[in-house]
Every structure is written in C-alpha cells, then in structure tokens.
Amino acid sequence: MVATVNENFDLIQNNYLFVEIARRVDEFQKQNPDVDLIKMGIGDVTRPLSKTVVKAFKDAVDEMGNADTFRGYGPEQGYDFLIEKIIENDYEPLGVELKNSEVFISDGAKCDTGNFQELFSQDNIIAVTDPVYPVYVDSNVMAGRSGKPQEDGFYENIVYLPATAENDFIPELPKEDVDIIYLCYPNNPTGTTLTYDQLKQWVDYAKENDALILFDAAYEAFIKSDDVPHSIYEIEGAKDVAIEFKSYSKVAGFTGTRCAYCVVPEEVTIKNSKGEDVQLTPLWNRRQSTKFNGVSYPVQKAAEAIYTPEGKKEIQEDLDYYVKNAQLIRQSLEDLGLDVYGGVDSPYIWVKTPNGIDSWEFFDILLNDANVVSTPGAGFGPSGEGYIRLTAFNTYEKTKEAMERIAQLEF
Ligand code: MLT
C-alpha cells in the first residue's frame, strides 16, 4: 500500500499567492542585496502591539509560570472572559444580541474561512466575488468542490461575481442557484465597501434562495463612513443566514500573535442528508473541538486587553496611523492620474494599471524600477487582471518614500 495524494491538490493552479510573491521578492533581493525594498504587498502590519496588550500578555505568561495560576487546556471554543468582551463591545452597541455559545475564538480568520467549508457537502455550489481573497477558493478546491480550472482562470463549478470599476465594485447577485456565498467587506482586495442597503440585498437574496453567507469582516475596524455596516447582523434577518468572521490581526497588530473569532448564530440551519434542518452552531463546535485545542491563554488575555479603555485608545491611534497612510497613497496616485479605488474604509488601495499593462507586469515594474512590493490583482482572480493592490500597513515614512519613487516612473 502506498499513500497517494489528495487528487484535488492537482487542481490548485499556483503557489498560494503571498508565497509566490515572497518567492519573487526573495529572488529579487538575492540579486539586488543593496536595494532598500518597500513592502506594500501582503497585508502585514508594522505597528507593534500596544502597551496595554503587551502588559496583559506578559502578566498572563507569568500566570502560566506559577503553579497556583497555571492553566492547561482551555475551552476549545475560547475563554468566556474574551467572548463576553466581544459581545459587549463589538455587538451590543450595534443592537446585536449574541449568546456566548455562538462565538468561537480562533487563531485567525484565514483558518476559520478556510476551515468552515468542511461543514458542507461536496456538491454544494459556492459563489465568490471576483477578485477574491484566495483562501475561499483554494480551500474549496482542496475539498473537491471546484471542478477543473478552465483556461480563462475560472474553476468550472465555482460561481464568480465580478466586481470591477465597470460595476463600481458592486457585484451582481448570483443568477445561478448557489448554496454558499463568500462576501468580504470592507473588501479584500479592492478596499471597497457595501452600504446597508446594498448588503441588505444580499441578505434578502440568501433568505429567498436558501443560501448561506460567509461574511468576512476582518477589516471592519477601518470603517469610517456612516452608511457602511460594521457587522452583517445589523441587517434584519442576517442572523438566519450568515456566519461572520472577525480578526484582531489588522485591528490590533495580531498578525504574528494570532487571535480571531467567528460568530455562528443558533438560527442558521442547513439541510442534512435526510432533508432535515440542522443547526450550524453545534456542527462547528464539533469540528473545532475535534481539530482545534483553542488559542493560548496569554494570547486570549492579550486580546481581552484590546477592550480596556487604554487598549481601545492605543489601538485607535494605530488604526488612524494606517488610515493616514491610505489617504497619502490614494492622493499621491490620483495626482499621477491613476484610477484609484478603496483606501477610505480600508487599508487596501486598488489601483488600475496604466495603459492596460497586465498586473504581473506592473508588479514587476514597481519591484524593479521603484523597488516597491505590491500585489498583482490577477493573483486574486480573473477580474483582478489590470489592477494591483497596495497596503497602508508600512510606516508613514516608507509609504511617503514609495509614493515618491512611483512618481518618478514613466508609464
Ligand atoms: C492579505 O494581504 O490579503 C492578507 O494579509 C492575507 C491574510 O490576512 O491572510
């Protein structure tokens, strides 16, 4: 007997996008060791953890080193002290009531959005907006739900909903009969948003068509506009049809610390093989308690500190810092005559490549001639072709320098 590979892995098109970019950047740096690259590619933060968070983190590590306060395995779903803070601070002010058992702490929205599809049967049809965060597509390819890749870059069994400048980045509701819809707002990668009314159309669609929405709200903390919802549960009826994913990565500098959560309301049901309604909450709980042992106690204490008055203030300062970078990027590129989207309620700026240059070529121009790392739009799906994404997560000084370097380029 010989172990054989999961044949769905043959269907994966390339390296994971950010791994491919890191590979190209490493290669460039090996050949150009003296070049000072400015990284605005992967959405990785540069501001350190806030003082209040670090103190809570260290205190919790000390507790772990003391026999009287040491803790072993925690609850797989997360400690109530953090879940309660989430409900009180992230949902109650929006008028959304949740039970502790509906909130699941995890080590990342990438893991949660990648893992959640395990609860669905193989023949479910998924829909994604295009361009899209690659995890939603790749995790469904690995699970055997995508069909084969086509020459145009689309998988045969996935429904793609284009979001481009032509439709103001508002994807149309699916015409096909779909079962699961991935939405991410503020959007990764385009940085665009949906208003309350626009998101309501998706919730209404899901209710009318028995579809489930997987709503990734990892960038919610960047919302400044009044007409943009902070949670899908602000929309009437959404608790019947939507799962929401949130993350501390970009909000509080947790990309390396790892903490996130998802909300699985008890109202959400899907059909079992007998055609009966089953709740997703216990299914997700079952999945998590089998495959996950929870986030470490010190990390959850660090996350809890985000909700203290000092923590909130410090984190807001970091968010404001990134927002200022986003404004600088938008303004500088607009001044160069480029078409620029996003970057208002989001740390991502989506830029149309000049003169119809393709997105990997523009990525190379920025890398080689401006020594700035971007993310090529095509890496996020066929409708991302002709765009690149920049992030606002570098320092203000480097962001400014990157804009000056780009201004020197001749397109
Ligand atoms: C991105 O750059 O799109 C994000 O950093 C990816 C992630 O959060 O996994």
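Q: What makes the four strands S11, S12, S15 and S14 an open sheet, and in which sense do they pair?
A: In this predicted model, the four strands follow one another in the order S11-S12-S15-S14, with antiparallel pairing. Strand S11 (340-342) and strand S14 (375-376) stand at the edges with a single partner strand each, so that one side of each has no neighbour in the sheet.

Q: How do you know that strand S12 and strand S15 pair?
A: Two strands count as paired if DSSP finds at least two bridges between them, and strand S12 (residues 348-352) and strand S15 (residues 387-391) are joined in the antiparallel sense over five bridges; they are therefore a pair by that criterion. Within this pairing, Lys-352 stands opposite Tyr-387 in S15.

Q: Which strands does helix H10 touch where it packs on the sheet?
A: Helix H10 (residues 309-335) touches S11, S12 and S15, and its direction makes about 10 degrees with that of S12. Helix H11 (residues 359-369) also packs on the sheet, where it touches S14 and S15, its direction making about 45 degrees with that of S15.

Q: Why are H10 and H12 called roughly parallel to each other?
A: H10 and helix H12 (residues 396-407) pack at an angle of about 10 degrees, with their axes 10 Å apart. Angles under 35 degrees count as roughly parallel, and the two helices are therefore described in that way.

Q: Which residues make the contact of H10 with H12?
A: Among them are Tyr-321, Leu-328 and Ile-329 of H10, together with Tyr-396, Lys-400 and Met-403 of H12. The residues of this contact divide into six nonpolar, three polar and two charged.

Note on methods
Residues numbered from 1 in each chain as written. Predicted model: local features only at pLDDT ≥ 70, side-chain atom pairs only at ≥ 80, totals over all residues. Contact = placed C-beta atoms within 7 Å. Axes fitted to C-alpha atoms, helices over the stretch in contact; angles between N-to-C directions. Parallel < 35°, antiparallel > 145°, perpendicular 65-115°, else oblique. Nonpolar A, V, L, I, M, F, W, Y, C, P; charged D, E, K, R; others polar.
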